[in-house]
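Subject: Structure handover

Hi,

Here is the structure for you to look over. My notes come after it.

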Amino acid sequence: MPVLLDLRGAKSSDVTIGTSPISELQACLHSLAEPDHHLDSRSWLTRVSESLPREFRHGLTRFAPLWARRRCRLMLPLSPPLDAEIETEIDRLSRLDETTFVEAAAYAIHGGAFDPSGALTQPADFVTACEARSFSRGELAKRLIDDPEAFRKTLVRILEDSVEEFFAEEWERIRDRLRDEAEQKRSRLRKLPLAELISSVSPAAQVVQGGRGVRFDKFQDLNVPLRGNHVFLVPTIHGRPHLIIRGEPGFPVVLHYPVAWQRQPPSIDEVRQRLLTLSDPARLILCRHMVNEAITTSDLARRANMTRPQVSRHLAKLRSAGLLTSERSGRNVYHRIDVNHLMHIGVELLRVIVR
């Protein structure tokens, strides 16, 4: 179920690349609500969680459906320009017309396949549908329908308090890194075809239809035409490993993409290949011998009761999956399992599942 960005009729001049502090704040709120998805930020999450006042944490929990499963469109850039201050972006949210505000909030609160206009035309059915998904979604839906402006004021206060409690300090720390990423992307915009530029934001992207589209390996079925739309490419640090693509009518298309890890994250096919490689019982036996010491092919054959050709074939599979290091010393070659890559398989699997 891919996301397809239709590039027919789109122009490079439609694309704006820059930072959005409100988007990064939402990524922080998401990671606080779903910490198991964000192993890279675990120490930061622990420190921030422990420092927040109890009543404030309760407020974040009550409003978590807005940013837990499906990020709320209200907390992504609503209009140009990018690189605005957080206060400016929150003010844009405050000034949005009520109908647009309610529909965008309702879509996030429900969190599933849902026509957001139903929140206004059939509010009771909207609340019932949210209650069927979870108690917290139902409670938040009631608050939105009963008094949309009071709901908005509470949300704005939560965002402003979040800035004061933890985000202002964190944004100061990461802002330059995100601005550097945006500047690098802008310089590439002048050199790359539009399809290649957009696909460069994620290893889950593939240029298709002869450059007329970009397909993303996402757990949703979505076709977004870019023609005539503003397109925002917004880098994120706390959003890792998620790639967020939003294309609701009436808003700019947004790709909120994670900045690169120190090494390129593996594709889903690479992770699958590593798991398949390790599923072979004979290779697991060899791994047990090589995890603690470097060892030759001959010694492995003797210990595992295999022939040298059998061992060599297994070693080739492990090497192809990026799990084996080999080093020559004199006439012998010594093999050892790359423990660092082995330990990261679980993390890599999580990343390709949730992105």
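Predicted model: local features only at pLDDT ≥ 70, side-chain atom pairs only at ≥ 80, totals over all residues.

Four strands make up an open sheet, and their order is 2-6-8-7. The pairing is mixed. Strand 2 and strand 7 (244-246) are the edge strands. Each has a single partner strand, so one side of each has no neighbour in the sheet. On average, neighbouring strands are turned by 15° against each other, direction ignored.

Here are the pairings one by one. Strand 2 (residues 15-17) runs parallel to strand 6, with 3 bridges. Within that pair, Thr16 has Phe232 as its bridge partner. Strand 6 also pairs with strand 8 (residues 253-258), again in the parallel sense, over 6 bridges. At Thr236, the residue standing opposite in strand 8 is Pro258. Strand 7 and strand 8 are antiparallel, with 3 bridges. There, Arg246 stands opposite Val254 of strand 8.

Strand 6

How many residues of strand 6 are buried? The count is 6 of 6 for this strand, residues 231-236. In a regular strand, side chains alternate between the two faces of the sheet. Both faces of strand 6 are covered. Val231, Leu233 and Pro235 are buried on one side. Phe232, Val234 and Thr236 are buried on the other.

Helices over the sheet

Helix 1 lies across strand 6 and strand 8, at about 50° to strand 6. Helix 9 lies across strand 2, strand 6 and strand 8, and runs at about 145° to strand 2.

The cores

The largest nonpolar core has 52 residues. Leu66, Trp67, Leu93 and Phe166 touch the most other members. Several helices give two or more residues to this core, among them helix 1 (21-33), helix 2 (42-51), helix 3 (54-62) and helix 9 (148-189). Which helix gives the most? Helix 9 does, with 11 residues.

Another core lies apart from the largest one. This other core has 25 residues, including Val15, Leu194, Val201 and Phe216.

Best regards

Technical notes
Residues numbered from 1 in each chain as written. Heavy atoms only, no water. Core = buried A, V, L, I, M, F, W, Y, C linked by side-chain atoms within 4.5 Å. Buried < 20%, exposed > 50% of the residue type's maximum accessible area, 1.4 Å probe, protein only. Pairing = 2+ DSSP bridges. Axes fitted to C-alpha atoms, helices over the stretch in contact; angles between N-to-C directions. Contact = heavy atoms within 4.5 Å.
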